[in-house]
Structures are given as structure tokens and as C-alpha cells.
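Hi,

Here is the structure I promised to pass on. Have a look at it first, and then read my notes below.

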Amino acid sequence: QRKPRTLEYITKIALERGLGILGITSHGQSDNRFSKLKETMTALPKKYGVSDLGSVIEVYDLPRKLFIVNSRTVPTKQGDVLLVGKDFSFRDNTDITDTLKRARDLGMIAIAEHMFVKKAGGIGKKVFEENAEYFDAIEINAQASLKYNHLAVMYAVEVKKPLIANSDSHMPGDLGKNYTEYDDGHFTMYR
């Protein structure tokens, strides 16, 4: 049975599984999951403290804290970009450079999402190189194969960009089940 996607349910699972940061990612122009989630803040039980920090929701059940951040996968003509930060809409299927420039102007973080997995919207090396100045990080993804994640790690080291580990959970019950750890040039995926 499908569980409700409420802030209470997501917070409970994330805190139980020891997560400290959680990105709520909307996909495309019309999807706005983060705003919908924020609407449920007042329904949280009193045991939780909650603060609306704009593009971040801070929830705490001391001593545990969880920061829920707004993010958006934006499909461009050249592939997908993961943007973190402000809640602004971006038109789908525009030029990647225009999307990245707008994100930079808005103070958002731009991540090359599963960049070597072309069938999942990865942008590849050539597009990244043409837009490297606008990217803040490269993603390693627990849903991608070890081969593609290894390529991402090696490339990030080569171009001196930080890595972001992402579980890419699509259902609240999957939070923290798949995750990636990165430490001193080595990454481990857990499934």
C-alpha cells in the first residue's frame, strides 16, 4: 500500500534512518513537490520543531535534525541538470547554457546529474566541458551502475569538481535504502 507523501512521514523515515540532508526534487516545469510539502508543515506533531528557511525546511526532534532542501531536475535540449536552491520554474527543453546561466543568476547550485547515463538524461563529457564554469558539482548516483559512477568519480577528480552522492529515491519508503558514500577518492554504493 502506498504511504502518504507528507512532511511527517518523510521526516519520520529520514530521521529513523539517520539522514541529515534530504533533497525534494521536482521534475520538469509543472511539478512542484517542495511547495506542496511545505503546505503540510503546520500538520507536523508538536514533538517536531520546524523552521521555514525559504528553500530549506529544518525539522528537528532533538538531538536529531533534518534539512530538507528544494531541488529541481530540469530537462534541457542537451540533457538533465539538477538545480538546488530557490523555488523558481524553468522551461523544459531549452538550451542547457541558458538554463545554467539563469540558475547562476538566481544563486542556485547546478549539478551534472548522472552525467554519463545518456538514457537517463545524462549530458556527457562534451556538454559538461562546454558549460563547466556553470556547474558546481558532479553527481554519483546509487541508481546508476558502478561503471557510470566510476566514470563520474574519475572525471570529477580530473576537472577538480566536487562530487554529490545521491540515492535518487523515488518513494519515501526508499529513503536511505540506496545511498552512496564518498571518502578520499573512493566511493561505495549500498543497495
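How many aromatic pairs does a search of the whole structure find? It finds three, where rings of Phe, Tyr and Trp (its six-membered ring) pair if their centres lie within 6.5 Å, and planes under 30 degrees apart count as stacked, over 60 as edge-to-face and the rest as tilted.

Before the details: this is a predicted model, so local features need pLDDT of at least 70, side-chain atom pairs count only at pLDDT 80 or more, and totals for chains, interfaces and linings use all residues. Residues are numbered from 1 along each chain as its sequence is written, and side-chain values use heavy atoms, with hydrogens and water left out.

One of the pairs is Phe116 with Tyr155: the ring centres are 6.0 Å apart and the planes sit at 90°, so this one is edge-to-face. Phe116 is in the loop between strand E6 (109-112) and helix H4 (124-130), while Tyr155 belongs to helix H5 (residues 146-159), 39 residues apart. (Helices, H or I, of at least four residues and strands, E, of at least two are DSSP runs, numbered from the N terminus.)

Tyr155 also pairs edge-to-face with Phe128, at 5.5 Å centre to centre and 80° between the planes. Phe128 lies in helix H4, so this pair ties together parts 27 residues apart in sequence.

Are these residues buried or exposed? Phe116 is buried at 18% relative accessibility, Tyr155 at 4% and Phe128 at 0%; buried means under 20% relative accessible area, exposed over 50%, partly exposed in between (1.4 Å probe, protein chains only).

Ring pairs link Phe116, Phe128, Phe135 and Tyr155 into a cluster.

Cheers
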